[in-house]
Amino acid sequence: MSVRTAAVAGDPVPIDLNGFRRRHRTRPLSAVRPKSLPRAGLDDKERGTAMLDEPGSPSVPGASAAAAIRIRGLEKVYRAQSGQPPMRALRGVSLEIPRGSIFGLLGPNGAGKSTLINILAGLVVKSGGEVEINGHDLDSAWRQARLSIGVMPQELVLDPFFTPRQTLELQAGLYGVPPRRRQTEALLEMVGLADKADVYSRTLSGGMRRRLMMAKALVHRPPIVILDEPTAGVDIELRELLWNEVRYINEAGATILLTTHHFEEVEAICDRIAIINRGSVTLNGPMDEMLARLDRKELVVQLAEPCSKVPAALAGLDARLEGDRTVVIGYQPTRTRTVDLLGQIRDSELQIADLSTREPNLEDLFRTLTREPVLDAAHP
Ligand SMILES: Nc1ncnc2c1ncn2[C@@H]1O[C@H](COP(=O)(O)OP(=O)(O)OP(=O)(O)O)[C@@H](O)[C@H]1O
Ligand SMILES: [Mg+2]
């Protein structure tokens with residue numbers, strides 16, 4: 001439990017397509033300034049459709065569905081292997097990811113997050129259920145569905161003997177982006193790799209490879225961008241850069257689905273979350289509503305004088321000592337009025353130096369849900 005704080009630097013500002021670096025990079029990672037800027041998300045004309053609309057490119061009819069991604073009853077059973085029984089990684093997962101949202105998919109290791117994302121990416125074949133991406137059914141319109149998303153997988157898959165520039169050019173070619181619509185240089189700028197554009201990818205550091213993977217996901221300007229642990233193992237500065245890029249492409253119109261284990265960052269950047277545990281979604285909805293469900297707050301009383309035990313007058317409360325100068329009283333806001341609590345504190349005759357409250361954060365919610373699956377969204 002801790003006071004909620006925004007962890008990502010840089011206040012959101014109105015989108016300025018000519019000022020990506022100026023807005024987001026207080027400490028530029030690369031000395032090279034961008035000449036042109038990537039159209040990483042969508043412009044109004046393209047919103048809701050995939051971006052490859054040039055002659056000779058695969059064309060994707062516009063989709064009108066309100067949800068960017070709609071998943072119903074998704075199942076995945078991995079086949080038995082080397083003496084292990086079959087693994088049911090997804091158990092009837094249903095989710096809707098609204099257009100324009102930044103959606104955080106959270107869960108402990110092995111929960112099924114990457115399995116779900118890899119099914120969307122076409123890297124894993126589902127065992128059951130339905131998936132619609134940008135209004136296109138993954139089974140009957142897989143090509144359109146695939147063109148609508150850019151995926152940065154958890155695994156770093158790069159050809160070590162290709163340079164970042166060649167990697168992006170090849171990816172653009174695979175997606176049928178004609179040379180004049182490619183944005184290789186701008187993407188290299190955006191992810192801070194312009195000065196490494198022509199070195200073998202095998203010589204890039206882990207964080208640089210991740211940046212290149214992100215640029216790769218954006219070459220065809222997809223309206224939906226999926227990032228599986230984009231900040232795993234990267235330093236604070238790069239995390240900040242990546243989150244700023246995520247905000248930027250979202251402001252430009254793209255829907256974002258991401259996974260990460262950094263809760264403070266999820267709280268700061270995501271407007272909706274789902275928590276997945278052992279293959280099932282245990283909670284799904286707007287961030288604020290989710291946190292309110294915990295129905296727990298703490299009143300923190302700083303004492304003017306040291307105290308060796310919780311005063312008898314507070315015995316009926318969920319009160320504990322933190323050190324010898326802080327009494328912490330837990331309560332349920334829906335059941336206990338703060339004014340009643342304050343009355344009891346006054347009666348205890350404690351010498352109060354200061355008072356504050358603590359609200360639960362996403363990490364508390366996550367711990368509660370992954371420890372006690374009873375808070376299932378379908379059965380609150
Ligand atoms: N190719 C595979 N074959 C068999 N089992 C697999 C395969 N891929 C994943 N699994 C299993 O499926 C379950 C879900 O794995 P998944 O990678 O989806 O988890 P995750 O939520 O992404 O975890 P993490 O946070 O560690 O990335 C795990 O038990 C994992 O061992
Ligand atoms: Mg994973």
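1. Contacts of V246. Setting aside neighbours within four places in sequence, V246 is in contact with I102, L227, I256, L258 and I269; contact requires that the C-beta atoms, placed from the backbone, lie within 7 Å. The structure is a predicted model, in which local features need pLDDT of at least 70 and side-chain atom pairs count only at pLDDT 80 or more, whereas totals for chains, interfaces and linings use all residues. Residues are numbered from 1 along each chain as its sequence is written, and chains are lettered from A and ligands numbered from 1 in the order in which they are written.

2. Nonpolar cores. V246 is among the residues with the most contacts inside the largest nonpolar core, together with L120, A215, V225, I226 and I256; this core has 74 residues. Here a nonpolar core is a set of buried Ala, Val, Leu, Ile, Met, Phe, Trp, Tyr and Cys residues joined through C-beta atoms within 7 Å. A residue is buried if 20 or more other C-beta atoms, placed from the backbone, lie within 10 Å of its own. Another core, of seven residues, lies apart from the largest one and includes L299, A319, V327 and I345.

3. The chain as a whole. The secondary structure comprises 11 helices and 14 strands, taken as DSSP runs numbered from the N terminus (helices: H or I, at least four residues; strands: E, at least two). Of the 380 residues, 39% count as buried. Among contacts with a separation of 6 or more, 73% are between residues 24 or more positions apart.

4. The sheet containing β12. An open, antiparallel sheet of four strands has the order β12-β13-β11-β14. β12 (318-322) and β14 (352-358) each have a single partner strand, so one side of each lacks a neighbour in the sheet. From one strand to the next, the twist averages 20 degrees. Five bridges join β12 to β13 (residues 326-331); strands are taken to pair if DSSP finds at least two bridges between them. A319 stands opposite I329, and L321 stands opposite V327. Three residues separate the two strands of this hairpin, and G323 in the turn has a positive phi of about 70 degrees.

5. The sheet containing β1. A further open, antiparallel sheet of four strands has the order β2-β1-β4-β5. Its edge strands are β2 (87-98) and β5 (136-137). Two bridges join β4 (residues 128-133) to β5, and E132 stands opposite D137 in β5. Helix α2 (residues 113-120) packs on this sheet, touching β1 (67-78), β2 and β4; the direction of α2 makes about 115 degrees with that of β1.

6. Helix α2. Eight of the eight residues of α2 are buried, so this helix is largely enclosed by the rest of the structure. Just after α2, G122 takes a positive phi of about 80 degrees.

7. Which residues are around ligand 1? They are Y78, M87, A89, G107, N109, G110, A111, G112, K113, S114, T115 and Q154, with the C-beta atom, placed from the backbone, within 6 Å of the ligand. α2 gives the most to this shell, with three residues. The shell divides into four nonpolar, seven polar and one charged; Ala, Val, Leu, Ile, Met, Phe, Trp, Tyr, Cys and Pro count as nonpolar, Asp, Glu, Lys and Arg as charged, and the others, Gly among them, as polar.

Definitions and conventions: Contact = placed C-beta atoms within 7 Å. Axes fitted to C-alpha atoms, helices over the stretch in contact; angles between N-to-C directions. Buried ≥ 20, exposed ≤ 12 C-beta atoms within 10 Å, placed from the backbone.
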